[in-house]
Amino acid sequence: KGDVFSIGLGGVLFFSNDSGATWQQRQEPAYKEWHDIDFKSDSEVVFCARESLNDGFISSLSQSGMGGFSQYTTHAFAMTDIDFPTANIGYVSGYGAVYKTTDGGISWSFQSPKNDFFNGMCWYNALEGVVIGWEGSICKTSDGGATWNLIRNGNNPLLKKIRMKGIEKNSLGELIIVGDNGCVLKSIDRGEHWIELKNEISEDLEAVYFSNDLTFFAVGNDGAIFKFEL
């Protein structure tokens, strides 16, 4: 439909209904450190935020009329990523926890992944997804969170320390993870196994985006943008 949302610190929100040609700015009453946003449906977007490691927030906004946040809810852990594969089934990741809802966000339950600051997630559908952590953990579920497989234990002192920040997939289902010190990991089997892509980048990488199946971009500190070809 051409609707685009952008969120940031202090409750700042930008909205465009023409694919980014023009933008409207508004200040939300919840002055939170909003971290991620996702379309729950064609008429509603959802947000997650953090205020401290033990304070997180979830809220939503109807696109019709830009009428304002619904009543936001407070939770006991910092939240950094929110994804709704369907209008009813959604997931949130953050400090030491992964959340799931099956009723569109009315209620949430904890998932089994723990012992990491889970910065990012990537979901193929409502059942299959991969979650990554700041300490280097990689967890995967194929049954909607009923069971989780610890692919990589970031707390294992025998493993190389990898600070993971962002994860994304292309249309082939291949996954890329980016992190500190130019770290780039790749999986071609939907997160079951990973290899590190060698490069000469030393900057910390925060997020990743595929422009096509063979090309992706990673963004880093101080506005740095890097282009990679698979």
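Biologist: In which strand does F217 lie?

Modeller: Strands are DSSP runs of E, at least two residues, numbered from the N terminus. F217 lies in β21, residues 215-220. A caution: this is a predicted model, where local features need pLDDT of at least 70, side-chain atom pairs count only at pLDDT 80 or more, and totals for chains, interfaces and linings use all residues. Residues are numbered from 1 along each chain as its sequence is written, and side-chain values use heavy atoms, with hydrogens and water left out.

Biologist: Which residues make the largest nonpolar core?

Modeller: A nonpolar core joins buried Ala, Val, Leu, Ile, Met, Phe, Trp, Tyr and Cys residues through side-chain atoms within 4.5 Å. The largest has 13 residues; I138, M164, I167, L175, I177, L185 and W194 have the most contacts inside it. β13 (129-132), β16 (164-169) and β17 (175-179) each give two or more residues. Another core, of twelve residues, lies apart and includes V178, A224, F226 and F228.

Biologist: How many disulfides are there?

Modeller: A disulfide is a pair of cysteine sulfur atoms within 2.5 Å. The count is zero. For C122, the nearest cysteine sulfur is that of C139, 14 Å away. C122 is buried, at 4% relative accessibility. For C183, the nearest is again that of C139, 16 Å away. C183 is buried too, at 6%.

Definitions and conventions: Buried < 20%, exposed > 50% of the residue type's maximum accessible area, 1.4 Å probe, protein only. Helix = DSSP H or I, 4+ residues; strand = E, 2+ residues; numbered from the N terminus.
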